[in-house]
Amino acid sequence: MRLRIALGLLSLLSLLLTPPLAVAAPVMDNTFETTLANGMRVVVREDHRAPTAVQMVWYRVGSIDEHDGVTGVAHVTEHMMFKGTPRVGPGEFNRRVASVGGRDNAFTSTDYTAYFQQVPASQLKAVMVLEADRMRHLTLEPIGYSKEIQVIMEERRMRTDDQSSARVHEAMNAVAWQAHPYRRPVIGWMSDLEQMTVADVRDWYRRWYVPNNATLVVVGDVNHQQVFGWAKQTYGAIPARALPARKQYEEPVQTGQRQLEVKAPADLPLLVMGWKAPRLNDPRKDMDPYALEMLAQILDGHDAARLPTALVREQQVAVSIDTSYDSTNRGPSMFMVQASPRPGHTVEQLEQSIRGALAEVANKGVTDQELARARSQLRASEVYKKDSVMGQAMEIGMLETLGYGWQSSPLMLEKLNQVTAADVQRVAQSYFKDDQLTIARLVPQPLDAAALAARAKRAEAIQAGGRH
Amino acid sequence: MTRTNQWLTWPIVLAAALLSAQVLAAPVQSWTTPQGTRVYFIETHALPIVDVQISFLAGAAFDPPALTGVASMTASLLDQGAGERNEKEVAETLADIGAQMSSGAGMDSASVSLRTLSDPERRATAVALMVDALTRPHFDGAVFKRDQARSVAGLKEALTKPQVLSQRAYMAAIYPDHPYGRLTTPESLAQMNRSDVERFWRQHYSAARASVALVGDLTRAEAEALAIRLTEALPADQADVPRTLPKPAPTVAKTVRVDHPASQAHLLVGMPSVARDDAEQIALQVGNYTLGGGGFVSLLTKSVREDRGYAYSVYSYFDPKLVEGPFTIGLETKRSQADDALKVVNTVLGDFLQRGPTAAQLKAAQDNIAGGFALRIDSNSKLAANLGVMAFYGLPTDWLEKYPERVRALTPEAIREAFQKHVKPEQLVTVRTAAD
């Protein structure tokens, strides 16, 4: 039994929102915001179900802001944020969070970098003091850096180099996007990591880690006025600084189908088809991103949705299929369908079946029942997501950092519910054009042959005195 | 791009362990249904949600030796057509009411989980779907054939991945001649028949082999009625089907090598170590926080990652099971560094076994585990996961409330002794996959 994780905007929206179903108190009534004098945004949601709280600080900086030659620096900076300040030594941040019973971590994406601590609510102020300290006073000491960059190269090996499907996606982004920074991997190219220095990180940190580029989100068993007061004392003491001008990257219109192949150890081929698709720009006026979100749900939102029914159950050309479309980004989107063929079938057959399913929507539209089902799933998941304090903080942080504002979520939900069958049919007709399509294929390399080739390559490298 | 995935292993390992009196919104209630099924229940009305989990002594360890994979196949086919609905109608009905149902088999247990909105109409439909899946699965021949082919293809694909090959070689090496070490193969899946699945279901999905965990917007009376509905129509118990597993034989230290072209070596070190009913389990879990379970602050992370930059992820865990489950240390490092990284791991482990945690290290572990207890139960889904494990292994209902004080009561000596008893260098098996 597969539990589909609702995609893109659906998942984002389903994290919170005012319920049309009966729930004790409307969530929005419990959410409060302020802006500190230095420009830092603060959003607090009171959720008193358990004596815990989460603090997140989101910086509006990600790999989208990087340049060639220093790819990965946003993520490297995230790692170095745990390496100490004059007041809090290397590794001490984690130790202090752990000692109050908390857990902490961080993550970097194309669009943002975020840090979080989950703690007993009584310890919230202590972690606010810690987080504010490293916003301003990071030491960035070279010896610690020289170890951490090795850790990050191991991370790249683990996440990308040794994962066949990750290599396909990395290569696909590099082909689908030409001008836009989304062509570069968040973790960075290996050669950039090898040549990066602590000075690159310092430069990045000084430029982007300022309160006027950050949003504080607190959700949990807290009093919002008290949190506002602590925020003023801690983050409020950090001066604002002018941010660098952000470039607007316009990806030129794609005017022909692109194709690529990646050879890697695998048994099953993988087919990834991605069509250029719009991002949600104006939550109030836009319509197509909402219609595409609903289309994704109708295609692949549950076990009996169109694509698994047609390709896995009826035609039996695929062993698995997955659809993704995320309209809420800082940059442009792609509508992606990926699948592995069932043995005995080719990726060409698979491709034809996917095209067939999309053409059917374009030609005949979808039923009201399919739309009603998608809406019903949407309504339920918005209730379920209230169960997670962390999930609520994630949604607020994302909406703020991507520029939509946390209050836009009820509007987004309303707009999703307004999508009609005609809207879905129209976007299916508009966006699935070959000229806008990039197709990536994983060409499986049998393990024995791959092992032999790798061994031969290493032997060559050793003979040639190569670095690896 | 999370900085580490170690927190992912930590909550799984401690899932059964962790709750606290002052933070438990409502007490754990427990009873046995007329059919003989143990039920654990937490009543909470803060959200209009109900979580239901039923688990059976029907995990992969109960696979007949010639039919490895049948437990997993059975669990996954339960909702692919049941009662009056075919597989498409089951999935459509779930979507119509916004309910989520999932199922799967682990080593000891097979479980079906349901999350539904609590209003009477939706809840009734969702529970009816779950009851049908448990008691009237179709195991349709065509559906079976299709999913069998998908499983074979999926397993063949998995067998190209270094982490999968490494894990399989490890389990086979530490559990030779034991159900925990038996591997599902493409061949064992391919020779399976539909009747094997149906037989496995009839033999293993009885009320006597089941446990139920309920969390959420239900009254006690509603919870009792729900538990009866889940269990009253299950297959009759068959007394001759084993409910216990043999004790694993002690291992002898050795190294197993697996070839793979990956850029990173996958290293695993461990042995069969501790059963779920072992009184020293808590001492081991708390000690392991210091050794390699405490994420960024563990000794292994300090030595392997922070000091030397050898690995992104290095961890250790105890996985207590019906019988001795594994103690495992794992890491990935570039293949030329495997020897050096293993040396560091063995030194850290050797020192820890000899000396145990310092008083300060133990205090740090206690502060985190006992002090942060609320974090492990601050949602219905976390409560449901904990209750599911408690119910399956029959842990006492005050296990949660008592856990923090039992953690606080531990001494460095108790932890050192528990480690020396359960982790023995002369029994540690090392698996090196893709290592130079």
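In chain B, Ile54(B) stands opposite Val212(B), which sits in strand S6(B). Strands here, like helices, are DSSP runs numbered from the N terminus, with at least two residues of E for a strand and at least four of H or I for a helix.

Before I go on, the ground rules. This is a predicted model, in which local features need pLDDT of at least 70, side-chain atom pairs count only at pLDDT 80 or more, and totals for chains, interfaces and linings use all residues. Residues are numbered from 1 along each chain as its sequence is written, and chains are lettered from A and ligands numbered from 1 in the order in which they are written.

Back to that pair. Ile54(B) is one of the residues of strand S3(B), and S3(B) pairs with S6(B), residues 210-216, in the antiparallel sense over seven bridges. Pairing means that DSSP finds at least two bridges between the strands. S3(B) also pairs with strand S5(B), residues 110-117, again antiparallel, over eight bridges.

Is S3(B) enclosed or open? Eight of its eight residues, 49-56, are buried, so the strand is largely enclosed by the rest of the structure. Buried means 20 or more other C-beta atoms within 10 Å of the residue's own, exposed means 12 or fewer, and partly exposed is in between, with C-beta atoms placed from the backbone. Ile49(B), Asp51(B), Gln53(B) and Ser55(B) point one way from the strand, and Val50(B), Val52(B), Ile54(B) and Phe56(B) point the other way. Both sets are buried.

One more residue in chain B. Val131(B) belongs to helix H4(B), residues 120-135. Val131(B) counts as buried because 20 other C-beta atoms lie within 10 Å. Leaving out residues up to four places away in sequence, Val131(B) touches Arg229(B), Leu230(B) and Ala233(B); a contact is two C-beta atoms, placed from the backbone, within 7 Å. The C-alpha atoms of Val131(B) and Leu234(B) are 8.8 Å apart, although 103 residues separate the two along the chain.

Now chain A. The average pLDDT (the predictor's confidence in each residue, from 0 to 100) is 91 for chain A, and 90% of its residues score at least 70. Over residues 1-26 of chain A, pLDDT is below 50, yet this stretch has 85 contacts in the model beyond near neighbours in sequence. Residues 462-468 of chain A also stay under 50, with two contacts beyond four places in sequence.

Chain A has 17 helices and 11 strands. Of its 468 residues, 54% count as buried. Among contacts in chain A with a separation of 6 or more, 82% join residues 24 or more positions apart.

How is chain A divided? It has domain 1 (27-237) and domain 2 (258-445), with bounds from an automatic or database domain assignment. The contact between these domains takes 31 residues from domain 1 and 29 residues from domain 2. On the domain 1 side, H6(A) gives the most, with eight residues. By class, that side has 17 nonpolar, eight polar and six charged residues. For those classes, Ala, Val, Leu, Ile, Met, Phe, Trp, Tyr, Cys and Pro are nonpolar, Asp, Glu, Lys and Arg are charged, and the others, Gly among them, are polar.

H13(A) has 17 residues and spans 24 Å from first C-alpha to last, close to the expected 24 Å; the expected span is 1.5 Å times one less than the number of residues. Its buried residues include Glu370(A), Arg373(A) and Tyr384(A). H14(A), residues 389-401, reaches 18 Å over its 13 residues, close to the 18 Å expected. Of those 13 residues, 11 are buried, so H14(A) is largely enclosed by the rest of the structure. Among them are Met394(A), Glu395(A) and Glu400(A). After H14(A) comes Gly403(A), with a positive phi near 100°.

Last, the contact between the chains. It takes 70 residues from chain A and 66 residues from chain B. On the chain A side, H13(A) is one of the elements that supply at least two residues, while H5(A) has the largest share, nine residues. That side has 31 nonpolar, 21 polar and 18 charged residues.
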